[in-house]
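Please look at the structure before going on.

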Amino acid sequence: MDESRAYLSDSRPRFRPPSAADLCTPVPCMTADETNEKVLEVFTRHRDLISLPVVEGNRPIGLINRSIFLSQFSKPFRMELYGKKSCIAFMDKEPLVVDASTDIDTLTVKTVEYGEKALTDGFIITREGLFAGVGNGLQLMRAVADMQVARNRQIMHSIEYASVIQQSLLRSSRDSLARACPGADLVWEPRDVVGGDFYQFSQDGDGWFATVADCTGHGVPGAFMTLIATSSLSQAIKEHGPRDPAALLGHVNRSVKQMLGQLDGKDGTPGSDDGLDAACFWFEPAHRRLRFAGARLALFVLRPGAEAVEVLDGQRKGVGYVDSEFDFAWNNIDLELPAATLVFVTTDGLIDQVGGPRGITFGKKRVRELLLEQAGRTPAEINRALLAALQAWQGEHHRRDDLTFFCFRT
């Protein structure tokens with residue numbers, strides 16, 4: 001059996017959804033013609049009994065709370081006055097009554113609607129209208145907690161497998177990069193198990209194309225957006241080729257806006273304003289020509305012997321968002337790069353990470369300084385140094401975003 005089929009088989013529900021029947025505890029019950037003396041006798045004999053059901057013809061008509069009953073009968077002359085009278089005198093005539101088939105979610109809602117007494121007194125459980133037993137609030141809370149644990153486990157199992165799928169989709173790009181530029185190095189670390197950052201590399205004739213992008217959101221929503229964005233970008237490359245990054249951004253912009261209905265300043269679904277920031281470039285190794293287009297992401301360039309890192313900022317317009325015009329045109333920037341030039345691109349997970357003694361962002365300035373300090377090292381060594389610096393900067397602060405950065409030499 002292949003891995004995907006094994007997962008599908010493994011992902012079926014492994015437990016029967018619990019119901020009120022799972023909480024049903026058989027207990028003694030009273031009839032309307034039995035006395036309060038009898039109730040006292042039953043409570044004395046069954047010290048763990050919280051409430052005592054009252055039935056008529058085996059159909060429940062009320063519930064006697066132990067604490068309330070004993071509190072009343074501890075008062076002077078109560079036994080003399082009420083001992084021989086019917087037990088319905090101290091009975092709650094409107095207890096919560098549920099069928100054994102009621103699922104736990106529905107039972108929880110009903111219990112909350114009934115208020116505190118359903119949690120403290122418990123509730124009566126019936127089968128086809130006839131008394132079956134009782135359940136109590138502590139049992140219900142345990143069942144809800146167990147269900148939540150089981151659901152979380154299933155959700156995490158699904159997300160973990162989604163991570164396998166996401167990494168599988170990205171693997172072909174890593175393979176293309178390894179063939180096109182063996183010395184390049186890439187870091188991709190989702191903040192959660194799956195993430196909203198993605199990368200795409202492909203070869204074509206005398207050059208290769210690269211994209212590093214940051215989609216809206218983290219985790220599962222972000223991962224869904226990467227599927228939309230990568231599909232759109234692949235289609236754009238198929239139609240236009242990889243040599244015009246600006247045209248590719250325009251194509252993806254139109255595609256995302258159409259898919260999500262984010263047209264004419266109106267979003268297709270309530271609250272929908274999704275898209276991506278991206279840095280795209282085409283590189284021809286033989287001529288060391290690079291053509292770059294950016295949507296809110298920058299390209300860092302360090303030429304051999306230079307005393308400063310150049311930063312080519314992307315245009316301040318995201319791809320696919322509600323406020324991104326349908327026909328917005330990004331611009332290409334053409335560069336002639338000498339041999340051994342260092343090229344670096346990152347999503348904002350690196351730049352915007354909060355840390356340090358004052359709790360401020362890592363920032364582009366620190367990226368430039370670190371690239372300059374590490375100028376003589378390999379791309380892999382530079383990326384490891386950046387990761388170490390980021391981790392030290394972050395300290396005990398929470399990771400804010402997915403993290404992707406890429407480094408190579410011409």
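**Reading the features**

Q: Is strand 3 enclosed or open, and how many of its residues are buried?
A: Strand 3 is largely enclosed by the rest of the structure, because five of its seven residues are buried. Bear in mind throughout that this is a predicted model.

Q: In what sense do strand 2 and strand 3 pair, and over how many bridges?
A: Strand 2 (residues 51–56) pairs with strand 3 in the antiparallel sense, over six bridges. Two positions show how to read this: E56 has R59 in strand 3 as its bridge partner, and V54 stands opposite G62 in strand 3.

Q: How do I read a helix that has a buried side, and which residues of helix 11 are buried?
A: An α-helix has 3.6 residues a turn, so residues three or four places apart point the same way. In helix 11 (residues 363–373), the buried residues are G363, V367, L370 and L371. They cover an arc of only 130° around the axis, which puts them on the same side of helix 11. K365 and E373 are exposed on the other side of helix 11.

Q: What covers the buried residues of helix 11?
A: The cover includes strand 12 (299–302), strand 15 (342–346), helix 10 (348–351), strand 17 (360–361) and helix 12 (379–394).

Q: Where is R288, and which residues is it in contact with?
A: R288 is in the loop between strand 10 (276–284) and strand 11 (289–295). R288 has a relative accessible area of 31%, so it counts as partly exposed. Leaving aside neighbours within four places in sequence, R288 is in contact with F283, L335, E336, L337, P338, A339 and T410.

Q: How far apart in space are R288 and K85?
A: R288 and K85 are 101 Å apart, C-alpha to C-alpha, and 203 residues apart in sequence. For another pair, S158 and F201 are 27 Å apart in space, C-alpha to C-alpha, and 43 residues apart in sequence. S158 is in helix 7 (residues 137–180), and at 34% relative accessibility S158 counts as partly exposed.

Q: How many helices and strands are there, and why is the protein called spread out?
A: The secondary structure comes to 12 helices and 18 strands. The radius of gyration is 33 Å, well over the 22 Å that the globule rule gives for 410 residues, so the protein is more spread out than a compact globule. Along the principal axes, the C-alpha atoms fill a box of roughly 105 × 45 × 45 Å.

Note on methods:
Residues are numbered from 1 along each chain as its sequence is written. This is a predicted model: local features need pLDDT of at least 70, side-chain atom pairs count only at pLDDT 80 or more; totals for chains, interfaces and linings use all residues. Side-chain values use heavy atoms; hydrogens and water are left out. Two strands pair if DSSP finds at least two bridges between them. Helices (H or I, at least four residues) and strands (E, at least two) are DSSP runs, numbered from the N terminus. The radius of gyration is taken over C-alpha atoms; the globule rule is 2.2 Å times the number of residues to the power 0.38. Buried means under 20% relative accessible area, exposed over 50%, partly exposed in between (1.4 Å probe, protein chains only). The arc is that of the directions from the helix axis to the C-beta atoms. Contact means heavy atoms within 4.5 Å.
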